[in-house]
Amino acid sequence: MKDYYRILEVHQEASPDVIERAYRALARKYHPDSCTPEQRETATLKMQEINTARHILSDPARRADYARTRRKYLWCIVWREGSPGLARRWRGPSGGRGDAR
């Protein structure tokens with residue numbers, strides 16, 4: 001499961017304004033037109049992730065649904081693997097991928 005908060009580099013309780021500002025900053029940074037031809041494919045994939053994250057987090061109903069699904073997903077990991085499994089899959093704010101394998 002993707003961590004849309006990590007993709008947009010915002011806290012899970014971020015306001016819609018903060019999410020929009022983060023989206024715009026990342027869009028400027030990763031837009032394929034602003035990258036070299038060698039980086040264009042990677043930038044396109046990153047922009048798709050950023051757009052999806054914004055699409056989910058900017059709509060209150062989708063964001064609430066994502067929050068419920070994310071909570072269930074994290075609890076399933078804790079139930080199956082314990083907290084070490086959660087730490088392996090969902091590293092904290094200090095680093096890590098932020099998405100499960």
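Predicted model: local features only at pLDDT ≥ 70, side-chain atom pairs only at ≥ 80, totals over all residues.

Visitor: Okay, so which ring does Arg54 lie over?

Guide: Arg54 lies at 4.2 Å from the ring centre in question, and the cut-off is 6 Å. It is placed over the face of that ring, which belongs to Tyr23.

Visitor: And how far is Lys46 from the ring centre of Tyr30?

Guide: Lys46 is another charge over a ring, here lying over the face of Tyr30. Its distance from the ring centre is 5.3 Å.

Visitor: Let's do aromatics. How many aromatic pairs turn up in the whole structure?

Guide: A pair of aromatic rings is described by the distance of the centres and the angle of the planes. Searching the whole structure on that basis gives a count of two.

Visitor: Are the rings of Tyr4 and Tyr66 stacked, edge-to-face or tilted?

Guide: Their centres are 4.9 Å apart and their planes sit at 40 degrees. Under 30 degrees would count as stacked and over 60 as edge-to-face.

Visitor: Which residues form the aromatic cluster?

Guide: Tyr66 also forms a tilted pair with Tyr5, at 5.8 Å centre to centre and 50 degrees between the planes. That pair links helix H1 to helix H4 as well, so it ties together parts 61 residues apart in sequence. The one cluster is made up of Tyr4, Tyr5 and Tyr66.

Visitor: Is Tyr5 buried or exposed?

Guide: Buried means under 20% relative accessible area. Tyr5 has 6%, so Tyr5 is buried.

Visitor: Which residues of the largest nonpolar core touch the most other members?

Guide: That core has 17 residues. The residues touching the most other members are Tyr4, Leu8, Val10, Ile50 and Leu57.

Visitor: Last one: is Glu9 buried or exposed?

Guide: Glu9 is in the loop between helix H1 (4–8) and helix H2 (16–30), and its phi is positive, near 60 degrees. Most residues other than glycine have a negative phi. With 59% relative accessibility, against a cut-off of over 50%, Glu9 is exposed.

Terms used:
Residues numbered from 1 in each chain as written. Heavy atoms only, no water. Helix = DSSP H or I, 4+ residues; strand = E, 2+ residues; numbered from the N terminus. Buried < 20%, exposed > 50% of the residue type's maximum accessible area, 1.4 Å probe, protein only. Phe/Tyr/Trp six-rings, centres within 6.5 Å; stacked < 30°, edge-to-face > 60°. Lys NZ or Arg CZ within 6 Å of the ring centre and 35° of its normal. Core = buried A, V, L, I, M, F, W, Y, C linked by side-chain atoms within 4.5 Å.
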